[in-house]
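Please view the sequence and the structure before reading on.

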Amino acid sequence: MVLAELGGRIAQAMRSMTSKTVIDEEAVDNMLKEISSALLSSDVNVKLVSSLRKNVKNRINLEDLATGLNRRRMIQQAVFEELCEMLNPGKKPYQPKKGKPNVIMFVGLQGSGKTTSCTKYALHYQRKSWKTCLVCSDTFRAGAFDQLKQNATKARIPFYGSYTERDPVKIARDGVEMFKKEGQEIIIVDTSGRHKQEASLFEEMQQIAAAVEPDDIVFVLDSSIGQAAHDQATAFKEAVSVGSVIMTKLDGHAKGGGALSAVAATSSPIVFIGTGEHFDDFETFEVRSFVSRLLGLGDVGGLMNA
Amino acid sequence: MLVEKNVAVECAEKLCASVANGLEGKQVSGYNAVKNAVKTAMEDGLMRILTPKQSMDILRQVKVAQNEKRPYVVVFVGVNGVGKSTSLSKVCFWLKSQKLKVLLAACDTFRSGAVEQLKTHAARLEVPVFEKGYNKDAASIAMDAVKYAGQNGFDVVLVDTAGRMQDNEPLMRALSKLVNLNNPDLVQALKETAYGQGPPRLIDGIMLTKFDTIDDKVGAAVSMTYVTGQPVLLVGVGQTYTDLKKLNAKNIVKLLLR
Ligand SMILES: Nc1nc2c(ncn2[C@@H]2O[C@H](COP(=O)(O)OP(=O)(O)OP(=O)(O)O)[C@@H](O)[C@H]2O)c(=O)[nH]1
Ligand SMILES: Nc1nc2c(ncn2[C@@H]2O[C@H](COP(=O)(O)OP(=O)(O)OP(=O)(O)O)[C@@H](O)[C@H]2O)c(=O)[nH]1
Ligand SMILES: [Mg+2]
Ligand SMILES: [Mg+2]
């Protein structure tokens, strides 16, 4: 899995502390150096790594450590908390409200997994007996409507789209309008992939957002993205009000750290993770249990299951 | 600095070590002279990595296949969403402009809309698609497509495949089967420029995609050739058919050392 190697290296660095008889500043520094280099190798943003390093050090009280009391736990705790902190925007994700339309717009880079995650998201709520539906406002990508249509049909979710209308703003507006009238509760708007280097694509995204007035904008991020992640995520966040993040392709074996940095850049909580191409490969995300799994500490929260 | 631009850490370390080695024992005086010597050595190191050992001239290879009276077969492989199908259609556009007769083979029989995606591109490019719908064995569709191409005077067959993660054993086995059965001329691995991933298997050439989305974080070009030893043949720089370029090693080095 993505990040498995990172988790292993951090855990290893922490273990090496327990075998030491003297824990002095040098030992802590060595451990932090190893952890930092693990984070850097997995593409975590350089600035984030250095602030994590500083913060962990501040958390660890060397004098307490010297007495040998619970050293292992104290160090583990400090690293654990700081990793959580990195993924914690200090903000709750949007909670859809029953009995009224909640418009959720999906945005992200090309090929990040928006269309797939849209369906997974719809199915997740449908299974919890919400009335969900999908709008395909991607008029750019070849076969985009067919893809969404086939997904929606497989999952038995109502959908809206057009083979002839070229204006994504109009489709989004019409689709949302229609589903609101039908009394749907979660109306998901899928959009084309885009990137910050092309201003017109970002304008289009802003126009769609203005037309459908989404209650939440979900930024879909491929977990294998490298160092470019941070800048792209920042640009999306600046262009529209991203409120949640879905991290996809965690079943791959890329390094994953770039995505973690991007999450920090959007200062929005991760709500779900995608772990495969099938609709069921989707889990609700909880920071503490994710980090704990990452470090091989077991699933403390037990909240990972959808 | 290289790492921030997406050169893999291990690769950057090796590169620095080799630069240091080369400089050891050399007499240079003054900060600026040292700086320049390091920079030149670094440039040389990067250029060495980026310049392919043997050149890969696709058009010439197509000619060879033509003389043997068989179609030239290219299989596009890569992880999910890197840009296989889009790049395939860009390559198709380019081959068509070279007056070659191209057939597309829709062998992604898994992802929703994959067949329609290819058909849409084919219609715009005015080339035929060989397809058998979904949930069929991709390897045998590819085989049939190549046979069909041979019988109908096509010069090139471009085979689209489903995206797959390298550690997904069943899917990788299915891909090996497709490649082994069809013995294509070129297996083109698609790599996203933004990504820092491990080496792919069984490939002959790399194509980097989404080069337009990464600013100066072009390090993947270096890491990728470094790890696989395979040349970067082409670079995708946008979402239209003409957004296809040859890798410009000099430019990459300039961006990396800026
Ligand atoms: N292995 C794996 N594949 C995924 C995951 N999520 C999506 N995919 C695959 O990634 C590819 C791209 O997904 P899409 O949903 O088409 O991505 P998109 O963001 O809608 O793409 P564009 O609309 O072209 O920007 C497809 O092959 C999906 O099956 C995941 O969590 N794991
Ligand atoms: N900006 C940019 N986008 C690209 C480039 N190449 C492909 N894309 C986009 O990336 C997305 C995915 O491209 P596809 O060609 O469908 O990718 P794929 O690898 O075939 O995807 P799967 O078959 O689902 O695994 C689409 O939205 C493309 O338009 C490129 O060079 N630059
Ligand atoms: Mg899509
Ligand atoms: Mg494809």
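Which residues lie nearest the centre of the second largest pocket, and how many residues line the pocket?

## The second largest pocket

The model is predicted. In it, 23 residues line the second largest pocket. Those nearest its centre are A:Pro93, A:Gln95, A:Ile270, A:Val271 and A:Phe285. The volume of this pocket is about 550 Å³.

Two elements of chain A, helix 6 (114–127) and strand 7 (270–274), each contribute at least two residues to the lining of the second largest pocket. By residue class, this lining consists of 13 nonpolar, 5 polar and 5 charged residues.

## The site of ligand 1

Ligand 1 is surrounded by 24 residues. The closest of them are A:Lys114, A:Thr115, A:Thr116, A:Arg141 and A:Asp251. Because residues from chains A and B surround ligand 1, the site is shared between chains. Helix 6 of chain A, which also supplies residues to the lining of the second largest pocket, gives the most to the shell around ligand 1, namely 4 residues. This shell comprises 2 nonpolar, 14 polar and 8 charged residues.

Several polar atoms of chain A approach oxygen atoms of ligand 1. A polar side-chain atom of A:Gln147 is 2.9 Å from an oxygen atom of the ligand. For A:Ser112, a backbone N or O atom lies 3.2 Å from an oxygen atom of ligand 1. A backbone N or O atom of A:Gly274 is likewise placed 3.2 Å from an oxygen atom of ligand 1. Taken alone, ligand 1 exposes 650 Å², and the protein buries 95% of that area.

## The site of ligand 2

Polar contacts to ligand 2 involve both chains. From chain B, a polar side-chain atom of B:Thr86 lies 2.5 Å from an oxygen atom of ligand 2, and a polar backbone atom of B:Val82 is 3.3 Å from an oxygen atom of the ligand. From chain A, an N or O atom in the side chain of A:Gln110 is 3.5 Å from a nitrogen atom of ligand 2. On its own, ligand 2 has 650 Å² of accessible area, of which the protein covers 96%.

## An annotated span in chain B

Which feature does UniProt place at residues 231–244 of chain B? An unreviewed UniProt entry gives the feature as "domain: SRP54-type proteins GTP-binding". In the model, this span of chain B is 0% helix and 43% strand. The C-alpha atoms at the ends of residues 231–244 of chain B lie 16 Å apart.

Methods. Residues numbered from 1 in each chain as written. Chains lettered and ligands numbered in written order. Predicted model: local features only at pLDDT ≥ 70, side-chain atom pairs only at ≥ 80, totals over all residues. Heavy atoms only, no water. UniProt positions renumbered as here; feature names shortened; annotations may be inferred. Polar contact = N/O pair within 3.5 Å; in protein donor to acceptor, adjacent residues only side chain to side chain. Areas by Shrake-Rupley, 256 points an atom, 1.4 Å probe, with all protein chains shown as cover. 1 Å grid on protein atoms, 1.4 Å probe; cavity = no way out; pocket = protein on both sides within 12 Å on 5 of 7 lines; lining within 4 Å. Points joined across faces, edges and corners; volume = space filled by probe spheres on them. Nonpolar A, V, L, I, M, F, W, Y, C, P; charged D, E, K, R; others polar. Near = heavy atom within 4 Å.
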